[in-house]
Amino acid sequence: MKRFPNSVAIIAIVLAALLVGGGTAMAAGKYIITSKSQIKPSVVKQLKGKTGKTGATGATGAQGPTGARGPTGATGATGPQGPQGPAGSARGWGRVEGNGALTRSSGNVAVSRVGTGVYCVRATNVVSANAVLLVTADYTGNSTTGGGTISNVELNSSGDPTCNASGSFTVYTRYFNIAGSTSALTDQSFAFMVP
């Protein structure tokens with residue numbers, strides 16, 4: 001009688017082969033990860049590490065080019081007018097024509113022409129011996145030109161006898177010719193002030 005292998009043993013071998021082969025396939029399909037979506041979200045959170053230390057500051061970069069100039073801003077509103085300043089301290093002032101006429105003055109001064117280029121200037125309550133007079137030529141109506149002639153105005157502190165008698169200041173006006181280095185008394189317009 002022909003003998004067959006033990007059927008129970010054969011079945012056991014076949015089952016074992018299937019389990020081993022199937023188990024390997026299952027293991028390969030379960031643990032080979034190709035996408036983060038294959039990992040449970042709670043596990044993904046556990047896989048994140050702590051933030052590392054801040055790195056060293058990098059070197060400063062080169063300065064960029066200057067930007068284009070912006071448009072001019074609108075003109076601001078006019079500010080309020082300031083308070084009036086204190087009254088001036090000058091004791092007298094005026095502007096004199098070459099003929100001795102006062103064209104502008106503080107109202108308390110007088111001028112008289114006593115000779116060609118010689119003027120007496122007087123201010124109320126001011127004695128020439130106790131004060132000074134500041135004088136300057138007025139370009140309008142004097143001999144200053146572009147051709148080398150200039151006007152000169154000066155205070156004579158010694159005074160003219162006529163002016164000294166009234167306590168007035170003596171003013172001389174003259175023209176000076178640069179080219180010829182000559183000067184002469186002549187009627188010139190000027191301005192003055194008694195500080």
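Start at Arg-113, which is partly exposed at 36% relative accessibility. Buried here means under 20% relative accessible area, exposed means over 50%, and partly exposed lies in between (1.4 Å probe, protein chains only). The model is predicted: local features need pLDDT of at least 70, side-chain atom pairs count only at pLDDT 80 or more, and totals for chains, interfaces and linings use all residues. Residues are numbered from 1 along each chain as its sequence is written, and side-chain values use heavy atoms, with hydrogens and water left out.

Now step back to the whole chain. The protein has three helices and nine strands. Both kinds of element are DSSP runs numbered from the N terminus: helices are H or I with at least four residues, strands are E with at least two. Along the sequence the pattern reads α-α-β-β-β-β-β-β-α-β-β-β. Of the 195 residues, 22% count as buried. The accessible surface comes to about 14,600 Å², and carbon and sulfur atoms hold 58% of that surface. Such areas come from the Shrake-Rupley method with a 1.4 Å probe; for residues, only the protein chains shown count as cover. Contacts tell about the fold too. A contact means heavy atoms within 4.5 Å. Among contacts with a separation of 6 or more, 54% join residues 24 or more positions apart.

Next, go inside. In soluble globular proteins, nonpolar side chains tend to be buried together. A nonpolar core is a set of buried Ala, Val, Leu, Ile, Met, Phe, Trp, Tyr and Cys residues joined through side-chain atoms within 4.5 Å. The largest one here has 15 residues, and the members touching the most others are Val-121, Leu-133, Phe-169, Val-171, Phe-190 and Phe-192. Four strands each give this core at least two residues: S3 (109-115), S4 (118-123), S7 (169-177) and S9 (190-194). Look at Leu-133. Setting aside residues up to four places away in sequence, Leu-133 touches Val-121, Leu-155, Phe-169, Val-171, Phe-192, Met-193 and Val-194.

A pair of aromatic rings is described by the distance of the centres and the angle of the planes. Rings of Phe, Tyr and Trp (its six-membered ring) pair if their centres lie within 6.5 Å; planes under 30 degrees apart count as stacked, over 60 as edge-to-face and the rest as tilted. The structure holds two aromatic pairs. In one of them, Phe-190 and Phe-192 have ring centres 6.5 Å apart and planes at 45°, so this pair is tilted. Phe-190 is buried at 0% relative accessibility. Phe-192 is buried too, at 4%.

Charged pairs come next. Side chains of opposite charge can pair when their charged atoms come close. A salt bridge is a side-chain nitrogen of Lys or Arg within 4 Å of a carboxyl oxygen of Asp or Glu. The whole structure has four. In one of them, Asp-138 pairs with Arg-95, with the closest N and O atoms 2.3 Å apart. Asp-138 sits in the loop between S5 and strand S6 (149-156), Arg-95 in strand S1 (residues 92-96), and 43 residues separate them. Both Asp-138 and Arg-95 are buried. Glu-97 belongs to a salt-bridge network with Arg-95 and Asp-138.

Arg-113 returns here. Arg-113 forms a salt bridge with Asp-187, the closest N and O atoms being 3.0 Å apart. Asp-187 lies in the loop between strand S8 (182-185) and S9, while Arg-113 is in strand S3, 74 residues away in the chain. Asp-187 is partly exposed at 27%. A further salt bridge joins Arg-174 to Glu-154, with closest N and O atoms 3.2 Å apart. Glu-154 is partly exposed at 30%.

Asn-177 is in strand S7 and is partly exposed at 26%. C-alpha to C-alpha, Asn-177 and Ile-150 are 6.7 Å apart in space, yet 27 residues apart in sequence. Asn-125 lies in the loop between S4 and S5 and is exposed at 78%. Its phi is near 60°, a positive value in a residue other than glycine.
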